[in-house]
Amino acid sequence: MNRFNQTIAQPAQSALSVNKVIKNTYMLLSATLLFSGVMAMVSMFFAMPPIAYMVSVIGAMLLGMFVLPRTANSSAGVGVIFLITGMLGFGLGAILTLYLKLPHGPQTIATALGGTGVIFLGLSGYALTSKRDFSFMGGFVFAGMLVMMVAIIANIFLHLPFLSLAISAGVMLLMSAYILFQTSQMMNGGETNYIYATYSLYMAIFNIFISLLQILGIFGGDD
Amino acid sequence: MDNIWLQIAMAVTIGMMLFFLFPRAMHWMKNGPKAEQGDWMAAVIPLLAVVAFVILLVMLV
């Protein structure tokens, strides 16, 4: 009888913990996106120079690599994730200040923001409702990220406009695939830490927004 | 992007991230679950929708 009860209880407990991870992730993601937006506005208010973007991204990447793994299993991880997203938002403000000076800047920013929201919600909704396991995309997504990083490092020094556009398009597709993969990981118990899940999804949203902004900036407003 | 030292710092940081990500990529490529019939199609359709949506946004701006 005891064994029978355990058999029923285990899947129920597993489903509960999956639901908890998903709920906590989306709550923390909403809070970090809001905080990031506030920091971007602060940065725009002070008209930060473009150099602030690179400094913030470098700082956030270092925090993500060295500090987050040590704190992700404690409450300090929440503070670290706010620090990372706040820095990225602050850096983003410097880029948005540049775009606002362009003829169609405000329209481009609004379109990129709305587009990013639609892409994220659409892909997350699809992954959550389709009940498919997209874990098979892991190899493709991570190998693609490695290729993109090599291309990004090369273009930091080469400044090739075509390569820059190709990187933006590639990053957009990879991050879209990553949203499917990460959401699926949360649903199937592959990702049990909501701080890591939030960090992953935030980075995907951030990269999609930056890439979309660049693509719209290049192609949009041709008059 | 004019500051060469900042560019080097950015390249080094991304290089470090590459180093961090490499074992994870290798793990997923070797041990990740294999796609079953129809799995890739289910993934490609939303990605194509994203491409179409971006083209639409470019035409709107």
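Chain A of this predicted model has seven helices and zero strands, where helices (H or I, at least four residues) and strands (E, at least two) are DSSP runs numbered from the N terminus. Read along the sequence, the pattern of chain A is α-α-α-α-α-α-α. Chain A also meets chain B, with 50 residues from chain A and 40 residues from chain B in the contact, contact being heavy atoms within 4.5 Å.

**Overall form of chain A**
- The radius of gyration of chain A is 19 Å, close to the 17 Å that the globule rule gives for 223 residues, so chain A is as compact as a globular protein of that length.
- This radius is taken over C-alpha atoms, and the globule rule is 2.2 Å times the number of residues to the power 0.38.
- Along the principal axes, the C-alpha atoms of chain A fill a box of roughly 75 × 30 × 30 Å.

**Annotated segments**
- An unreviewed UniProt entry annotates "transmembrane region" at residues 26-45, 51-68, 80-102, 108-129, 136-156, 162-181 and 193-219 of chain A.
- UniProt positions are given in the numbering used here, feature names are shortened, and annotations may be inferred rather than shown by experiment.
- Residues 51-68 of chain A are 100% helix and 0% strand, with end C-alpha atoms 24 Å apart.
- Residues 193-219 of chain A are 96% helix and 0% strand, and their end C-alpha atoms lie 39 Å apart.

**Area between the chains**
- About 4200 Å² is buried between chain B and chain A, and carbon and sulfur atoms give 86% of this area.
- Buried area is the accessible area (1.4 Å probe) that two parts lose on being put together, summed over both.
- In chain B, the residues that lose the most area to chain A are B:Met10, B:Trp28 and B:Val61, together 16% of what that side buries.

**Salt bridge and the chain B side**
- The rule finds one salt bridge across the interface of chain B and chain A, a salt bridge being a side-chain nitrogen of Lys or Arg within 4 Å of a carboxyl oxygen of Asp or Glu.
- A:Arg132 and B:Asp39 meet through their side chains in a salt bridge (2.8 Å, N to O).
- On the side of chain B that touches chain A, α1 (4-31) and α2 (39-60) of chain B each supply at least two residues.
- The most comes from α1(B), with 20 residues.

**Conventions**
- Residues are numbered from 1 along each chain as its sequence is written, and chains are lettered from A in the order in which they are written.
- Local features need pLDDT of at least 70, side-chain atom pairs count only at pLDDT 80 or more, and totals for chains, interfaces and linings use all residues, while side-chain values use heavy atoms, with hydrogens and water left out.
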